[in-house]
Amino acid sequence: VPYTKKLDDLSKHPVKEVINKVLKNDCRKTLDRAAHAQFDATVVTVTPTGGNSATAVTFEVGGATITNNVALNKEHVKAIVDEMKERDVTPYYADDYFAIARPTTFRNLKNDLESIHQYVESGMQLIYNGEIGRYEGTRFVEQTNIPSEGWSNSLSDAAYFFGADTVAEAITEPEQIRGKIPTDFGRSRGIAWYYMGGFGICHNQADGEQNRIFKWATAA
């Protein structure tokens with residue numbers, strides 16, 4: 001982000017702080033999207049059986065062929081987690097798997113969990129805190145850095161269920177804020193974020209048996 005000494009001197013607001021904030025936000029989004037590209041490379045997809053089942057799911061390798069016409073719910077979660085356990089997928093943390101998606105994808109599930117938790121003190125505290133929580137040995141996390149895939153019926157969106165050894169990050173130089181050496185007698189300035197590294201999926205076998213990431217997906 002380029003700026004001038006004149007802007008810095010005359011600005012009512014602290015220019016460097018504003019630029020730093022914007023750069024850090026851009027850095028987070030860029031790295032999240034780089035990691036997401038590798039999560040999205042998984043060959044294992046999950047769709048509701050027949051496209052409309054509220055309980056059964058179909059696992060495919062090499063891309064979804066079924067158009068997903070229902071919202072993700074707790075019955076789908078049970079079926080996905082059961083399959084992950086059957087395939088002996090290593091839990092991500094302690095004995096728990098993780099699932100990550102946009103907030104609207106988890107809306108039905110959040111409603112289900114509220115009805116389950118509302119009569120216990122610990123469950124009410126989750127509702128007060130706005131947390132999704134843990135269900136069927138899976139912890140649910142919301143994200144907004146990755147844009148919606150824009151599914152044809154808008155009833156759901158991509159969600160990733162995963163265990164350990166998913167995507168690795170190789171870092172040459174960690175992310176950092178760098179200032180440009182001033183030029184034009186100190187009048188021309190700039191600040192940038194800098195990072196050298198990359199992401200790569202760890203397990204992505206064509207048979208689908210050794211994969212660690214399962215994508216809630218659709219054909220359209």
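## Aromatic pairs

Eight aromatic pairs turn up in a search of the whole structure, which is a predicted model. In one of them, the ring centres of F39 and Y160 lie 6.2 Å apart and the planes meet at 80°, so this pair is edge-to-face. F39 sits in helix α2 and Y160 in strand β7, so the contact ties together parts that are 121 residues apart in sequence. Both partners are shielded. F39 is buried, with a relative accessible area of 15%. Y160 is buried too, at 5%.

F59 and F214 make another edge-to-face pair, at 6.1 Å centre to centre and 90° between the planes. This pair also links distant parts of the chain: F59 is in strand β3 (residues 57–61), F214 is in strand β10, and 155 residues separate them. F59 counts as partly exposed, because its relative accessibility is 24% and buried means under 20%. F214 is buried, with a relative accessible area of 0%.

F39 and Y160 also belong to one aromatic cluster, together with Y92, F98 and F162.

## Nonpolar cores

The largest nonpolar core has 31 residues. Which of them touch the most other members? They are V77, M84, F106, F140, F161, F214 and W216. The elements that give two or more residues to this core are β2, α3, β4 (97–101), α4 (107–117), β7 (159–162) and β10 (213–216). A second, separate core has five residues, among them Y3, V15, I19 and I191. Nonpolar side chains tend to be buried together in soluble globular proteins.

Setting aside neighbours within four places in sequence, M84 is in contact with V89, Y97, F161, F162, G163 and F214.

## Helix α3

Helix α3 runs over residues 74–86, 13 residues in total. From first C-alpha to last, α3 reaches 18 Å, close to the 18 Å expected at 1.5 Å a residue. Its buried residues include H76, V77, I80, V81 and M84. These cover an arc of only 125° around the axis, which puts them on the same side of α3. An α-helix has 3.6 residues a turn, so residues three or four places apart point the same way.

The two ends of α3 have their own details. At the start, a side-chain oxygen of N73 comes to within 2.8 Å of the backbone nitrogen of E75. Just after the helix, D88 takes a positive phi of about 60°.

H76 is found in α3. Its relative accessible area is 0%, so H76 is buried. Apart from neighbours within four places in sequence, H76 is in contact with P48, S53, A54, T55, A56, V57, V70, A71 and W216.

## T42 in the α2–β2 loop

T42 lies in the loop between α2 (15–39) and β2 (44–48). The T42 side chain reaches the backbone oxygen of I213 at 2.7 Å. Not counting residues up to four places away in sequence, T42 touches I201, N204, N211, I213 and K215.

## The segment after β10

A219 lies in the segment after β10. With a relative accessible area of 40%, A219 is partly exposed. Leaving aside neighbours within four places in sequence, A219 is in contact with A64, T65, I66 and T67.

## Positive phi in two loops

Most residues other than glycine have a negative phi. D165 is not a glycine, yet has a positive phi of about 60°. D165 is found in the loop between β7 and β8 (167–179). Its relative accessible area is 47%, so D165 is partly exposed.

F185 likewise is not a glycine and has a positive phi of about 60°. F185 has its place in the loop between β8 and β9 (188–201).

Notes
Residues numbered from 1 in each chain as written. Predicted model: local features only at pLDDT ≥ 70, side-chain atom pairs only at ≥ 80, totals over all residues. Heavy atoms only, no water. Helix = DSSP H or I, 4+ residues; strand = E, 2+ residues; numbered from the N terminus. Expected span 1.5 Å × (residues − 1). Buried < 20%, exposed > 50% of the residue type's maximum accessible area, 1.4 Å probe, protein only. Arc of directions from axis to C-beta. Polar contact = N/O pair within 3.5 Å; in protein donor to acceptor, adjacent residues only side chain to side chain. Contact = heavy atoms within 4.5 Å. Core = buried A, V, L, I, M, F, W, Y, C linked by side-chain atoms within 4.5 Å. Phe/Tyr/Trp six-rings, centres within 6.5 Å; stacked < 30°, edge-to-face > 60°.
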